[in-house]
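Keep the sequence at hand.

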Amino acid sequence: MLIRNTDSGFIHPHPSEITPPSVYHGRRELLRLMAGGAAGSVLAGWASRDAWAQGARPGRGAPLAAAKSNVAGAVTMEKSTDYKDATSYNNFYEFGTDKSDPVRYASTLKTTPWSVEVEGLVNKPGKYDLEKLLKLSPMEERIYRLRCVEGWSMVIPWVGYSLSELIRRLEPQGSAKYVEFFTLADKATMPGLRSDVLDWPYVEGLRLDEAMHPLTLLTFGMYGEVLPKQNGAPVRLVVPWKYGFKSVKSIVKIRFLDKEPRTAWNKAAANEYGFYSNVNPTVDHPRWSQATERRIGEDGLFAKRRKTLLFNGYEAQVGQLYAGMDLRKNF
Ligand code: MTE
């Protein structure tokens, strides 16, 4: 984001021109994994194989069943972005700063075994295996808009459950006011770590009440399948009312704190990327306007930019979290 400032300032290849290399990498045998067809049997197989690599269909992930969500605002009637665009036009700087780098290089990411370390001001700290997290709460499909700070957006059917389901079970202590999330930082498999564009690991943070909001999704899949590696496998956050960089990928650690944590983008450019980073068309980025956005997949020559909505259109659900706050100061 620091390098490629505005979406309009650079010429990107059209997403449909990029062929996911996963297509070339051939299929992995996951048929057995999916033998019973039921979600349960898929979960059972996760421990032993890298289900995130390939599904039974070349280039696709293993199915991840989910029920429709009942959470208010969790579904939109807007058309979902094409799977191909959502999985080949990505930001995942650990694999490079180009939109096409993650799909090209993230196949090296090793997602099994995977665990998430929980520490800080909680009564139940510890190491939580992915398998345990997958079974913690029923999976829901949430169709969210994702608005990137660079001025583009997508609509993605994510699969996961409210992060609050996990946090409740971890029992935060009374003094816990913030939650910090850490992405894996593995030099051996993440070529982007050779660059000093960010102070690795990628760190993000939320206020505890934001983290507990039902819309905040602990995400394991998209389009009814496990997350592709380039989209942050095996587990990431999706915080739909905030700019996309708050939706931290490939989480290995969660820490509960009494103070606001510094975040990776805030450390890189504090005047450009605030802690809150709520989508707000009236608060411009210092180097470009945030009033409009380009919907990926609608980027033909004559496609009109869309008006960006306050809190990315989730104001009715989350506006109350910021009552009385100056959103210009707390950008
Ligand atoms: N998480 C990590 N670890 N590294 C990143 O570079 N990029 C962020 C966010 N999460 C990023 C990250 C940004 S800027 C955006 S817009 C979204 O991921 C993009 O998610 P997507 O590629 O699944 O659309």
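Phenylalanine 311 lies in the loop between strand 13 (306-307) and helix 8 (315-318). Helices (H or I, at least four residues) and strands (E, at least two) are DSSP runs, numbered from the N terminus. Phenylalanine 311 is not a glycine, yet its phi is positive, about 50°.

This is a predicted model, where local features need pLDDT of at least 70 and side-chain atom pairs count only at pLDDT 80 or more, while totals for chains, interfaces and linings use all residues. Residues are numbered from 1 along each chain as its sequence is written, and side-chain values use heavy atoms, with hydrogens and water left out.

Two other loops hold a cis peptide bond. Proline 201 is in the loop between strand 6 (178-183) and strand 7 (203-207). Another cis bond joins alanine 233 and proline 234, and its omega is about -5°. Proline 234 belongs to the loop between strand 9 (225-226) and strand 10 (236-238).

The structure holds one cavity of 30 Å³ or more. On a 1 Å grid over the protein atoms alone, a cavity is a set of points where a 1.4 Å probe fits but cannot get out; a pocket is an open set with protein on both sides within 12 Å along at least five of seven lines; lining residues have an atom within 4 Å of a point. The largest cavity contains about 330 Å³ of space. Its lining has 24 residues, and Asn91, Phe92, Arg236, Gly244 and Lys249 are the closest to its centre. Strand 5 (residues 152-162) gives the largest share of this lining, four residues. By class, the lining of the largest cavity has 15 nonpolar, six polar and three charged residues. Here Ala, Val, Leu, Ile, Met, Phe, Trp, Tyr, Cys and Pro count as nonpolar, Asp, Glu, Lys and Arg as charged, and the others, Gly among them, as polar.

What sits in the largest cavity? The ligand does; to sit there, more than half of its atoms must lie within 2 Å of the grid points. Around the ligand are 17 residues, of which Asn90, Tyr93, Glu94, Arg236 and Lys249 come nearest. This shell divides into eight nonpolar, six polar and three charged residues. A polar side-chain atom of threonine 183 is 2.9 Å from a nitrogen atom of the ligand. In the side chain of asparagine 231, an N or O atom lies 2.9 Å from an oxygen atom of the ligand. For arginine 236, a side-chain N or O atom is 2.7 Å from an oxygen atom of the ligand. Taken alone the ligand exposes 530 Å², and the protein buries 99% of that.

Technical notes. Near = heavy atom within 4 Å. Polar contact = N/O pair within 3.5 Å; in protein donor to acceptor, adjacent residues only side chain to side chain. Areas by Shrake-Rupley, 256 points an atom, 1.4 Å probe, with all protein chains shown as cover. Points joined across faces, edges and corners; volume = space filled by probe spheres on them.
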